[in-house]
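Hello,

Here is the structure I promised to pass on to you. Please have a look at it first, and then read my notes below.

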Amino acid sequence: LDAGVDVVIPGMLNRGWRTIIVAAEGGSKSTILRTIGISASQGLHPFSHRPIPPIRVLIVDLENPKEAILETGAKLMRYVKLFSPDYDPTRFKVFRRPGGIDLRKAKDKADLRREIDAHRPDLVCIGPVIKMYQRKGGETYEESADAAMYELDQLRVRYNFALMLEHHAAKGHQGQRDMTPFGSQRWMSWPEAGKSLYASKDDPTTIRVDTFRGDRLLGIAWPNKIIRHPDWIINGIWDDGIPEGVGQPGKRIS
């Protein structure tokens with residue numbers, strides 16, 4: 001297929017790709033996913049702020065109250081409107097289920113499928129994983145995770161979208177937080193890209209980006225750091241400068 005057709009967010013996602021973002025509680029996972037979705041839906045790269053082809057985005061928020069979403073979402077939408085070459089708020093949609101869902105229940109699965117079918121997103125962001133399905137009595141973490149992955153893969157293949165999941169970090173050992181997915185080890189090997197976010201102890205506005213598994217495919221170029229930005233909400237910093245392919249060269253918007 002033509003690479004231009006397959007690319008969803010340059011340097012991050014193509015159609016059919018899966019990414020899991022892991023961080024500790026309060027580690028800005030939801031904010032980052034929401035910001036990625038808003039920026040990309042309006043034709044701006046979420047980290048470089050360079051122009052990219054706009055996409056349709058569905059955020060499936062399984063935890064946050066409406067106020068938390070509006071706090072960053074409404075502000076960023078107002079700001080990107082100033083720079084978007086083709087502003088269209090209908091390309092971005094939030095589907096809220098703050099009490100969580102169970103992907104193996106017929107009603108919950110039908111509700112999610114209805115939203116995807118109606119919006120036809122290029123990118124679906126869901127989180128957190130721990131509120132996406134429930135373990136049945138006697139099930140292991142692996143068994144329940146396998147069932148959830150199956151349902152996500154069925155939707156991903158049927159509707160041909162890229163997928164980003166927000167996941168909590170494991171507990172770790174001897175006081176050191178392990179920035180790998182909580183629960184089943186299946187989440188380690190399932191995605192094409194697995195990103196770990198480490199909050200800086202010295203600077204609360206800076207998050208270091210690492211991987212909990214090697215990128216399975218070429219062309220994944222996340223920044224080395226994510227920093228808070230007063231208007232864009234987040235800003236990407238690459239140690240070797242902005243790489244080629246993450247928006248139109250020379251057109252970074254500031």
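A word on terms before the notes: contact, or touching, means heavy atoms within 4.5 Å. This is a predicted model, in which local features need pLDDT of at least 70 and side-chain atom pairs count only at pLDDT 80 or more, while totals for chains, interfaces and linings use all residues. Residues are numbered from 1 along each chain as its sequence is written, and side-chain values use heavy atoms, with hydrogens and water left out.

Let me start with confidence. The predictor's confidence in each residue is its pLDDT, from 0 to 100. The protein chain has a mean pLDDT of 88, with 92% of its residues at 70 or more. Confidence is highest in strand β4, at 97, and lowest in helix α1 (residues 3-6), at a mean of 57. Over residues 1-5 the pLDDT is below 50, and beyond near neighbours in sequence this stretch has two contacts in the model. Where pLDDT is low, the predicted coordinates should not be read in detail. Helices (H or I, at least four residues) and strands (E, at least two) are DSSP runs, numbered from the N terminus.

Now to the interior. Buried means under 20% relative accessible area, exposed over 50%, and partly exposed in between (1.4 Å probe, protein chains only). A nonpolar core is a set of buried Ala, Val, Leu, Ile, Met, Phe, Trp, Tyr and Cys residues joined through side-chain atoms within 4.5 Å. The largest such core has 38 residues, and I9, I36, L123 and W222 have the most contacts inside it. Its largest share, five residues, comes from helix α2 (residues 29-41). A second, separate core of 30 residues includes L58, M149, F161 and W187. Not counting residues up to four places away in sequence, W222 touches G11, M12, T19, I21, I36, F47, M164, K195, V209 and W238.

L33 sits in helix α2 and counts as buried because its relative accessible area is 4%. Leaving aside neighbours within four places in sequence, L33 contacts I21, I59, C125, I126, M164, L165 and E166. H167 lies in strand β7 (residues 162-173) and is buried, with a relative accessible area of 1%. Beyond neighbours within four places in sequence, E115 is in contact with L58, K93 and F95.

How do strands β4 and β5 pair? Strand β4 (residues 57-61) and strand β5 (residues 92-96) run in the parallel sense, over five bridges; two strands pair if DSSP finds at least two bridges between them. D61 stands opposite R96 in β5. From β4 the chain crosses through helix α3 (residues 66-80) to β5, in a right-handed β-α-β crossover. Right-handed means that, with the strands pointing away from the viewer, the path from the first strand over the helix to the second runs clockwise.

Last comes helix α5 (residues 141-159), whose 19 residues should span 27 Å at 1.5 Å a residue; its end C-alpha atoms are 27 Å apart, which agrees. The expected span is 1.5 Å times one less than the number of residues. Among the buried residues of α5 are S144, M149, D153 and Y159. After α5 comes N160, with a positive phi near 60°.

Best wishes
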